[in-house]
Amino acid sequence: MPSPLLELRDVTRTYRAPGTAFGRKRLHALRGVTVTIGEGESVALVGESGCGKSTLARIAVRLESAETGEVLVEGTPRSELSRSQLRAGTTEIQLVPQDASAALDPRMTIAASVGEPLAIHRRGTKAEREARVLDLLDEVGLDRSLAVRFPHQLSGGQRQRVVIARALALEPKLLIADEPVSALDVSVRAQVLNLLRDIRERRSLALLVISHDLAVVRTISERIDVMYLGRIVESGPTAAVIDQPAHPYTAALVAAFPDPDPTTRERRAAPEGEVPSPVDLPTGCAFAGRCPRAVDDCDATDPQLAEHSALRRVACLHPLV
Amino acid sequence: MAADTVLAIEGLALDARIRRAIARPVAEAHVEVRAGEIVGLVGESGSGKTLTALSALRLLPDNIEIAAGRIEVGGQDVRALDDAGLAALRGSVAGMVFQDPIGSLNPSMTIGRQVAEGVRIHQGVDRAAAAARAVEALGLVGFPHARERFDAYPHQLSGGLRQRVMIAMAIANEPRLVIADEPTTALDVTVQAQILELLQSLVAELGIGVLLITHDLGVIANAADRVTVMYGGRTVEQCSTLHAFGDMRHPYTEALVASAPTLEGSEATVLRGIPGAPPDPTRPEPGCPFAPRCTRVTAECTVVPPAYEEIGEGRSLACIHPVPAAAHA
């Protein structure tokens, strides 16, 4: 079996908890997360705010480092790579940022922004780079005349296409998209989702989508990892996980999801409580306090992600299926 | 207009002064909310939905003026009210819930006092009575241990609890209408579901009418009884929620619903999206605002905007070439 494109093995990451003196308390953003993404695979990371999904993305593109655990790119641990190898490796995994308007320099033209990675990595001559930028604009469905414009002259959907074009400039093998459509209007959202899917097919690109929106995930990902408070609690094929959740938290997410279909309204139910603070974590299962199935041993034992059925893994002592 | 109508906006037009130019962000808005129902006001950014709702309480920014139209809240002509009348209207006839509770709550004042303050001002009762009513209102919105946590500050609360405080403030004076502008957009999915359930139970228990403004079709589908769709500063369709998602007449409503991914979808589902971009309010075109993006457009659509008319079954529409009923059987 070929090595996966990207593998995070038992990665942890903590931060100093805000508002506590001398950093005595730690905020546990990632508590032992293992994620693999194979070549050309489309995976979604789903969870609510503070579950650690954006931290994971930042570690994957080396904007942050793992505290413990290992990050492997095509089977090689990053810790064993030299600086120049690390630099070359950054071109293989690219991030599409969450907020396109904040990610684009307001004083740079669209062409300059899209071409910047090519210039930094000294790809081709200036003329070649300029031609490449126009090709990239074509690929993301932006008119070439926009090349000389500035970010503020573009709509939100167009800016999102610009950051996608920039992420594609270095021909990555894996694109990580952090909430790629959450800031967009519904009609534009569909266009950008369709675009991501087309690009993925055309380039046989692997795609890691980070989202809180299960419907978005369903239309774009083959596999789904559900995160809760710095842990992956359930993992498996998207359709199976959403249609038949095994972890009570996944079930709660699905039941709470406001599906745009009034005929399924009766199926909706809001779970109890809110996500607890990642600073003072409970000893047992982190979801136990909100879980309708929790029994005494859930407060005592912290369940680990384990094989559940074909292709599915669950971290729960009392799974639903 | 029915006797139990708590909000009626008819033919509203707004003028905005932007530098020296005059734009018309709202050209013809119609909204009606009756007691005991949630009306979803849906539209994309720039459709005029928030300005229309703010007009109901005359909370518009200084550079925007009401150019035409009739606005009634709880039977009162809002455009004719003086300052005292407006103050009474905003506090006790209608309450407002905003998207961002942290920006709307006073960080240096306990939540109990903030809820009680509105009660004291509008009902003219003493501090003790106002505090008692505040505890009651906090209890109604499902705020746990309201009496014990009366002296908590906003920063000590989670996002969901802060939004509950906002809703408690909005309902403390027993208003007939609550306007909620994207009340769940900043919240996580599981908490959003709790707040929507709360709004629905308040409507059922207190008989208030709620205008729920959102761009999120999922929120509408799960919480609203009726839907009002705005596009390019105009109300284009008004109907029941079931009609809006399954038997809509306006091509924009149809395209919008087809754009939204659902849990029933699959990786193979191609979302429709709507090609093109919404109209620019500073450069109004004659005719229907949706005409440039509409698949059913004909030459006459670009001459004058279609009239907004009742079409039976309690629904209204502004379209010359509506989607036929059989199209989505």
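The legends below describe close-up views of a predicted model. Local features are described only at pLDDT of at least 70 and side-chain atom pairs count only at pLDDT 80 or more, while totals for chains, interfaces and linings use all residues. Residues are numbered from 1 along each chain as its sequence is written, and chains are lettered from A in the order in which they are written.

**View 1. Chain B as a whole.** Chain B holds 10 helices and 12 strands, where helices (H or I, at least four residues) and strands (E, at least two) are DSSP runs numbered from the N terminus. Its radius of gyration, taken over C-alpha atoms, is 21 Å, close to the 20 Å that the globule rule (2.2 Å times the number of residues to the power 0.38) gives for 329 residues, so chain B is as compact as a globular protein of that length. Buried residues, meaning those with 20 or more other C-beta atoms (placed from the backbone) within 10 Å of their own, make up 50% of the 329 residues in chain B.

**View 2. The contact between chains A and B.** Chain A contributes 36 residues and chain B 40 residues to this contact, two residues being in contact if their C-beta atoms, placed from the backbone, lie within 7 Å. On the chain A side, the elements giving two or more residues are H7 (186-203), H8 (214-220), H9 (238-243) and H10 (248-256), and the largest share, seven residues, comes from H7(A).

**View 3. Helix H7 of chain B.** Among the buried residues of H7(B) are Val189(B), Ile195(B), Leu199(B) and Val203(B). The buried residues of this helix pack against H10 of chain A, together with S3, H6, S7, S8 and H8 of chain B. Just after H7(B), Gly207(B) takes a positive phi of about 70°.

**View 4. An open sheet in chain A.** Four strands in the order S2-S1-S4-S5 of chain A form an open sheet with antiparallel pairing, where two strands pair if DSSP finds at least two bridges between them. S2(A) and S5(A) stand at the edges with a single partner strand each, so one side of each is left without a neighbour in the sheet. S1(A), residues 6-16, and S4(A), residues 68-73, pair over five bridges, and the bridge partner of Leu6(A) in S4(A) is Val73(A).

Definitions and conventions. Buried ≥ 20, exposed ≤ 12 C-beta atoms within 10 Å, placed from the backbone.
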